[in-house]
Amino acid sequence: MTNLFTRRFFLTASAAASVSLGNVAFANAPLTSLRPSARGGNALAAPAVSTASSPDALITAAQLGGAVGFAVADLRSGKVLETGNAAMGLPPASTAKAVTALYALDTLGANFRFATQISTNGSIANGVVSGDLFLIGGGDPTLDTNALAGMASKLKSLGIREVRGQFYYVDNALPNLRDIDPSQPDHVSYNTAISGLNLNFNRVHFEWRRAGNGYSVTMDARSNKYRPEVYIAKMSIAARDLPVYTYKDGGRFDEWSVARGALGNSGARWLPVRKPGLYAADVLQTFARAQGIVLKSPKRSERAPKTRALVTNTSAPLSTILRDMLKYSTNITAEVVGLAATRKRGGRITSLKASASEMSRWANAALKMGNASFADHSGLSDASKVTAQGMVNAMLMARSSAGFAELLKPIAMRDANRKVIKNHPIKVHAKTGTLNFVSALSGYMTAPDGKQLAFAMICADTGRRRGIKDADKEAPSGGRAWNRRAKALQQQLIERWGTVYG
């Protein structure tokens with residue numbers, strides 16, 4: 001029974017909105033929207049002991065093992081009120097995205113927009129394009145199927161009915177990276193590829209249904225309006241029980257297999273795309289065909305040629321993109337905006353590590369984080385290290401960043417039955433972070449008397465994390481219980497600070 005549950009879990013648990021491993025709440029991928037589901041962890045657990053206890057007593061009672069670093073400061077004066085292990089370098093998990101947001105706002109500006117273009121190097125006469133057609137990505141992490149459908153429709157509205165040249169896609173605005181963290185399992189949708197041309201958070205929707213003695217399988221780029229079949233991702237059903245998924249680079253397509261013994265009657269989940277530029281071109285080709293415009297099989301262009309734009313799709317302003325990134329904790333968004341910021345600053349963007357190193361230098365100088373060392377922009381890698389004091393300093397320095405606090409999501413407090421406590425006297429806006437046996441929280445709180453505090457907490461049992469077997473990384477034994485205790489401790493400390501310093 002346990003093995004069956006584990007196999008089904010790997011099949012249907014969606015981590016599209018997850019920054020990391022060990023989700024608090026697991027849910028199937030969205031069927032009606034491409035926006036990721038809000039990840040678990042937007043509410044804290046109820047305290048198990050009196051908040052009048054000392055921080056050490058609260059930490060001991062939590063029985064987390066490893067280390068807990070925390071710091072809290074008066075937001076107006078910047079005075080540090082209480083700390084513990086505040087100078088210890090620990091993985092920030094997804095709270096790294098708060099630093100990435102500040103980095104992007106400082107470099108690109110709140111009104112920055114990404115652009116995706118369809119262009120040509122040829123002339124147009126009587127609806128016929130004599131030259132080549134290009135899909136040119138600007139790195140937009142929010143480009144979705146609906147947007148590509150709209151671009152194809154606009155192309156048709158220009159009177160275009162035929163393209164005689166080749167159809168190219170250009171994805172070199174950002175480096176092409178197979179994944180964010182190579183140590184993660186191949187099939188988890190929060191560890192996607194990255195390029196200058198991204199679609200649907202670089203995920204493809206896999207769905208299966210029992211049909212007679214076999215199964216019908218679809219791989220599509222669905223949205224709330226469309227379900228275009230994709231050709232660059234292929235799925236085969238293998239006569240085995242484990243592993244549930246295998247992946248192989250099939251050249252012009254992603255080659256997946258799934259264990260027949262784990263399928264059941266029906267199900268669905270999002271899988272990562274490893275060829276994002278080709279994926280976007282594949283879907284645009286389908287929509288163009290639906291408009292009566294037949295395009296040749298897409299080919300990659302090594303560089304963006306001199307062309308004339310025909311259709312341009314622009315993203316929402318960066319402030320909106322960052323608000324959603326912090327709410328839904330989308331890894332690919334964090335990596336793309338971080339890479340784009342480094343590119344704007346003239347830094348090296350050959351890899352995530354190189355770009356994150358540039359962000360580290362900026363954060364240590366501009367946010368006074370001390371010796372922060374980021375390995376990526378999303379916090380997915382546990383090689384990143386920050387201190388609780390450094391994160392509090394970042395929150396204090398962010399006071400001068402207009403609108404940053406409003407980008408953080410509200411964090412609700414819960415009672416002993418894990419129900420949200422309405423009208424709780426303490427208000428919290430913060431960024432959560434979760435990896436297996438790592439739980440972090442950084443942001444702002446308002447005490448009952450109106451006093452505002454900045455805080456940061458990082459709970460991490462890195463030894464236990466290192467001991468997780470590869471097959472167990474999506475849901476390690478004891479991970480959920482540990483995370484619940486960590487979040488209970490976070491609420492206890494927040495309520496303590498509201499009582500002692502409010």
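User: How many of the 502 residues in the protein chain count as buried?
Analyst: 59% of them, where buried means under 20% relative accessible area with a 1.4 Å probe, protein chains only. Keep in mind that this is a predicted model, where local features need pLDDT of at least 70, side-chain atom pairs count only at pLDDT 80 or more, and totals for chains, interfaces and linings use all residues. Residues are numbered from 1 along each chain as its sequence is written, and side-chain values use heavy atoms, with hydrogens and water left out.

User: OK, and how many helices and strands are there?
Analyst: The protein chain has 12 helices and 20 strands. Those are DSSP runs numbered from the N terminus: helices are H or I with at least four residues, strands are E with at least two.

User: Let's look at β18. Why is it largely enclosed by the rest of the structure?
Analyst: Because seven of the nine residues in β18 (residues 427-435) are buried.

User: Which way do β18 and β19 run, and how many bridges join them?
Analyst: They run antiparallel, with nine bridges between β18 and β19 (residues 438-446). Two strands pair if DSSP finds at least two bridges between them. V428, for one, has M445 in β19 as its bridge partner.

User: What's in the turn of that hairpin?
Analyst: Two residues lie between β18 and β19, and F437 in the turn has a positive phi of about 60°.

User: And how does β17 run relative to β18?
Analyst: Antiparallel again: two bridges join β17 (residues 409-410) to β18. There, K409 stands opposite A430 in β18.

Note on methods: Buried means under 20% relative accessible area, exposed over 50%, partly exposed in between (1.4 Å probe, protein chains only).
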